[in-house]
Amino acid sequence: MKRFALISIPYLWLLALFLVPFLIVLKISLSDTELAIPPYTPTLDIAQGWAGVREWWAGLDMENFVWLTEDDLYWKAYLSSLKIAIISTLLTLMVGYPIAYGMTRAPDEWRPTLMMLIILPFWTSFLIRVYSWKAILSNEGLLNQLLIGIGLIDEPLVILNTNIAVYIGIVYTYLPFMVLPIYAALERLDESLLEAAEDLGCSRFTAFWLVTFPLSKQGVIAGSFLVFIPAMGEYVIPALLGGSKTLMIGKVLFEEFFANRDWPVASAVAVVLLLILIIPIVLFQRNEEKQREAGK
Amino acid sequence: MKTSMLKLGTALALVATAATAEEVRVYNWSDYIDEDLLAKFEADTGIELIYDVFDSNEVLETKMLAGGSGYDVVVPTASFMERQITAGVFQPLDQSKLSNAGNIWDVITQRTAQFDPDNAYSVNYMWGTTGLGVNVGKVTEALGEDAPIDSLALIFDPENMEKLAGCGVHFLDAPDEVIPAALKYLGEDPNSKDPEVIARAEEVLAPVAPFIQKFHSSEYINALANGEICVAFGWSGDVLQARDRADEAENGVEIAYNAPKEGALMWFDQMAVPADAPNAEGAHKFINFILDAQNMAAASNYVYYANGNKASQEFLEEDVIGDPAIYPSAEAMENLYVKGAYPSKVQRVATRLWTKIKSGT
């Protein structure tokens with residue numbers, strides 16, 4: 001009985017915070033728009049019992065999903081989001097890994113301070129932090145003033161309202177999510193393994209590559225997921241820092257929801273986004289489990 | 001809406017001096033009131049006022065259609081309001097609670113009646129036109145002395161736009177306002193709801209799109225005032241606020257607003273009470289407070305928008321009532337057009353066209 005309770009807690013969690021919201025969105029994605037409050041037809045009438053369900057099933061069509069295939073805007077936006085998410089995940093990894101590595105190499109008494117520095121930005125609102133990047137990156141912004149001031153450039157660099165600004169925003173915002181899991185993995189690393197590697201003739205670099213990096217792999221993977229998944233559906237950063245040409249699925253979703261008032265199509269976009277995210281994650285986890293079992 | 005949703009997060013919560021249980025929640029456009037009036041309302045009525053702002057009709061409409069917004073007074077544009085009334089978003093106003101209703105200006109109510117029959121659900125807050133805000137110095141520099149600053153050719157002729165791109169052009173991120181202007185420039189009916197006619201707006205907008213730095217519905221006020229951009233296709237009063245800010249900053253920037261001579265869109269922002277307003281009684285008190293001639297005049301004097309309040313006109317400052325950019329002459333009013341709401345299917349066509357213009361996809 002105790003065991004059952006223990007197992008059921010994570011499943012209840014998943015049910016309440018993932019499955020139920022998902023089913024609500026799925027239900028809206030299968031309805032039609034209407035000028036009313038809320039602006040879609042209540043297709044499934046549970047109050048009518050079985051007859052209601054049957055009626056809903058008979059009238060069910062996938063027109064909102066079919067619509068997504070008929071306009072190239074949607075798959076272009078999915079692909080563009082995918083590209084931005086992958087590139088920013090790699091960039092975050094490139095910046096975050098050395099930081100995490102440096103933290104584990106730092107003297108013990110420094111670590112709490114360094115950890116604090118990573119966490120400190122969270123004390124300021126996310127929105128304000130992203131907004132302040134506008135002041136840094138704009139044509140009259142701090143960065144351009146500095147570069148012009150020291151004579152490096154004559155004309156201001158146009159960074160704000162481009163994809164570069166979006167990458168900067170994502171890397172900046174999600175950096176702690178990359179650093180912390182990698183730090184956790186590296187901290188557990190047994191130093192004697194590195195000593196053994198060097199005793200056996202490895203250069204420091206080879207030892208890093210053959211010993212440290214593989215042992216921090218779990219941290220790298222966890223960090224990458226924590227960056228990639230929110231970056232894929234990101235709306236705020238491209239809306240504030242990106243230009244009108246920055247195409248991302250989050251912006252398309254916003255347009256469907258706000259400009260077209262088409263909740264069903266907006267929901268269909270969200271369902272497809274979720275599938276795009278969840279299928280590779282599930283496949284990856286299966287693969288991991290297989291490897292772990294094989295390792296045993 | 002670009003984003004729209006974000007800067008409007010600047011929610012202004014005013015703490016009443018007298019702590020009372022009663023509160024009124026108002027949701028209005030950004031940069032659209034003299035904030036002294038908010039304190040005055042609290043002092044006069046003892047009601048705590050919670051004042052939030054937005055900068056796009058789309059955001060407001062989505063909140064309204066979701067229901068349960070918690071607001072007591074909202075200020076949609078009349079064309080959007082038309083279909084919101086159909087959707088059952090609002091409750092009819094109780095005229096008996098609006099003792100200042102006699103102040104309203106029939107010239108405006110005649111026009112708003114086509115969106116809100118008999119003005120049963122709303123009272124006009126302010127109205128204005130959509131047109132051309134220019135930094136006179138920079139535009140003359142780019143296009144010469146005879147720059148067409150009062151013509152849509154300024155922003156729809158690719159040759160002009162190519163030259164203006166260097167000093168920066170912003171457009172409203174509002175397809176419902178830019179598409180009609182493009183149709184007007186083509187000589188089509190700006191109020192057309194025919195998808196084929198609307199599609200023709202692309203002929204005008206696509207060639208100039210590469211020269212537009214940003215589509216945004218509130219950033220241009222500061223950008224014009226600082227001299228960061230030289231042209232904005234925006235709302236009359238917002239451009240005039242930019243003019244005012246530039247004057248105050250004494251930064252040498254001279255801003256002018258012109259309603260395009262080809263014809264300009266005239267719009268009306270209406271105060272209305274959501275059907276599910278928690279405090280409809282307080283909402284009427286707020287509307288009645290704004291309807292007071294001196295209060296309404298104070299708001300217009302501050303934001304440079306004309307209002308629908310006849311009695312307020314004697315309290316308006318000369319640079320408001322006397323400025324044809326704010327109160328056009330009767331003759332100039334003839335050249336203004338109004339636009340109704342798009343039906344859902346047509347709205348989709350307009351939004352899609354807008355996305356294509358903005359993103360190239």
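In this predicted model, helix α8 (residues 163-187) of chain A packs with helix α11 (residues 217-232) of chain A at an angle of about 160°, and their axes lie 7 Å apart. Because angles over 145 degrees count as roughly antiparallel, α8(A) and α11(A) are roughly antiparallel to each other.

- The crossing of α8(A) and α11(A) is right-handed.
- On the side of α8(A), the residues that meet α11(A) include Ile170(A), Tyr174(A), Phe177(A), Met178(A) and Pro181(A), while among the residues they meet in α11(A) are Val220(A), Gly223(A), Leu226(A) and Pro230(A).
- When the residues of this contact between α8(A) and α11(A) are divided by kind, 15 are nonpolar, three are polar and none is charged.

**Helix α4(A)**
- The 34 residues of helix α4 (residues 72-105) of chain A should span 50 Å at 1.5 Å a residue, and the C-alpha atoms at its ends are 49 Å apart, which agrees.
- At Gly96(A), α4(A) bends by about 25°, and a proline, Pro98(A), follows within four residues.

**The contact between chain A and chain B**
- In this contact, 24 residues of chain A touch 29 residues of chain B.
- On the side of chain A that touches chain B, the elements giving two or more residues are α4, α12 (236-241) and α13 (249-259) of chain A, and α13(A) gives the most, with four residues.
- The residues on this side of chain A divide into 14 nonpolar, four polar and six charged.

Conventions: Residues numbered from 1 in each chain as written. Chains lettered and ligands numbered in written order. Predicted model: local features only at pLDDT ≥ 70, side-chain atom pairs only at ≥ 80, totals over all residues. Expected span 1.5 Å × (residues − 1). Bend = angle between axes of the 7 residues up to and from the residue. Contact = placed C-beta atoms within 7 Å. Nonpolar A, V, L, I, M, F, W, Y, C, P; charged D, E, K, R; others polar. Axes fitted to C-alpha atoms, helices over the stretch in contact; angles between N-to-C directions. Parallel < 35°, antiparallel > 145°, perpendicular 65-115°, else oblique. Left-handed = near helix turned anticlockwise from the far one by under 90°.
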